[in-house]
Amino acid sequence: MTTTLHHPTLGDITLSCSARARRISLTVKPSGQVRLSFPSYISEARAIAFLEAKAAWVEASRRRMAARPKAPTLTGEQIERLRAEAKATLPPRLDMLARHFGLRYGKVTIRAASSKWGSCSWRNDISLSLYLMTLPEHLRDYVMIHELCHTVHHDHSPRFHALVDRLTGGKEKLLARELRSYSIR
């Protein structure tokens with residue numbers, strides 16, 4: 001169930017109560033929109049108390065995102081060129097990385113995802129955003145390695161991060177920090 005809460009200092013907050021959620025989480029989008037997700041067994045009042053406790057973090061996240069350089073708006077023609085380049089470049093590179101590290105994945109798709117650089121399904125199918133083509137090559141590789149590691153650990157557990165760190169030569173945190181300085185759109 002999704003509703004909107006008007007917070008006196010943070011503005012409109014999307015509240016999402018879901019049986020699938022495992023914990024309370026806050027997401028701040030590049031647009032500044034805030035989403036508060038929580039499991040159905042947690043009361044809305046408790047979730048809002050969590051939001052209140054994290055209000056300073058929300059404001060800091062908004063400031064950080066506002067300071068990011070904005071990606072230029074692309075025309076439909078430019079997006080299609082980017083899509084063609086991504087389809088020609090990313091799947092072979094993903095395959096090379098998978099072979100190099102001895103990892104297996106299902107199928108790979110290229111999408112115009114504007115909220116995530118990539119994702120991995122429970123079937124180990126990997127989806128990559130065509131906007132990866134706007135990143136430096138080492139960050140494209142980092143995203144693909146991150147998604148390949150999800151074929152081993154379908155979570156963001158310490159074991160998952162240890163694997164990503166090992167496969168990136170001990171640079172996971174550095175690469176993740178650098179990637180956060182880029183905006184998809």
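These are my notebook entries on one protein chain, looked up in a predicted model.

**Entry 1: the overall layout**

I began by listing the helices and strands. I found six helices and seven strands in the chain. Next I looked up the box that the C-alpha atoms fill, which is roughly 50 × 40 × 30 Å along the principal axes. The chain has 185 residues, and 40% of them count as buried. I also checked the contacts with a separation of 6 or more, and 47% of those are between residues 24 or more positions apart.

**Entry 2: the largest pocket**

Then I went looking for empty space. Rolling a probe the size of a water molecule over the atoms shows where empty space is left. The largest pocket came out at a volume of about 2,300 Å³. Which residues are closest to its centre? I noted Thr27, Ser115, Lys116, His146 and His156, out of 45 residues that line this pocket. I also looked up which elements give two or more residues to the lining, and they are β3 (25–28), α2 (55–67), β6 (118–120), α4 (137–149) and α6 (172–180). By class, I counted 15 nonpolar, 18 polar and 12 charged residues in the lining.

**Entry 3: His146**

His146 was on my list for the pocket centre, so I looked it up, citing its burial first: buried or exposed? Its relative accessibility is 14%, which is under the 20% cut-off, so His146 counts as buried. His146 sits in helix α4. Its side chain makes a polar contact of 3.2 Å with the side chain of His150. Setting aside neighbours within four places in sequence, I found His146 in contact with His156, Phe160 and Val164. His156 is another of the residues closest to the pocket centre.

In soluble globular proteins, nonpolar side chains tend to be buried together. I looked for such groups here. The largest nonpolar core has 33 residues, and Leu90 and Trp117 touch the most other members. At least two residues of this core come from each of α3 (76–101), β7 (126–129), α4, α5 (158–167) and α6. I followed up Leu90 and left out residues up to four places away in sequence. Leu90 touches Ile110, Leu128, Ser129, Leu132, Met133, Arg140 and Met144. There is also a second, separate core of 15 residues, with Ile13, Leu15, Phe38 and Ala55 among them.

**Entry 4: two loop residues**

I picked Ser31 first, which is in the loop between β3 and β4 (34–39). Ser31 has 55% relative accessibility, over the 50% cut-off, so I marked it as exposed. The side chains of Ser31 and Gln33 are joined by a polar contact of 3.3 Å. I also looked up Ser31 against Pro8: they are 23 residues apart along the chain, and their C-alpha atoms are separated by 19 Å.

Asn124 was my other pick, in the loop between β6 and β7. Where does its relative accessibility put Asn124, buried or exposed? At 19%, Asn124 falls under the 20% cut-off and therefore counts as buried. I checked the backbone here too. Most residues other than glycine have a negative phi. Asn124 has a positive value, with phi near 70°.

Terms used: Residues are numbered from 1 along each chain as its sequence is written. This is a predicted model: local features need pLDDT of at least 70, side-chain atom pairs count only at pLDDT 80 or more; totals for chains, interfaces and linings use all residues. Side-chain values use heavy atoms; hydrogens and water are left out. On a 1 Å grid over the protein atoms alone, a cavity is a set of points where a 1.4 Å probe fits but cannot get out, and a pocket is an open set with protein on both sides within 12 Å along at least five of seven lines; lining residues have an atom within 4 Å of a point. Grid points are joined across faces, edges and corners, and a volume is the space filled by probe spheres set on the points. Helices (H or I, at least four residues) and strands (E, at least two) are DSSP runs, numbered from the N terminus. Ala, Val, Leu, Ile, Met, Phe, Trp, Tyr, Cys and Pro count as nonpolar, Asp, Glu, Lys and Arg as charged, and the others, Gly among them, as polar. A nonpolar core is a set of buried Ala, Val, Leu, Ile, Met, Phe, Trp, Tyr and Cys residues joined through side-chain atoms within 4.5 Å. Buried means under 20% relative accessible area, exposed over 50%, partly exposed in between (1.4 Å probe, protein chains only). Contact means heavy atoms within 4.5 Å. A polar contact is a pair of N or O atoms within 3.5 Å; within protein, one must be able to donate a hydrogen and the other to accept it, and residues adjacent in sequence count only if both atoms are side-chain atoms.
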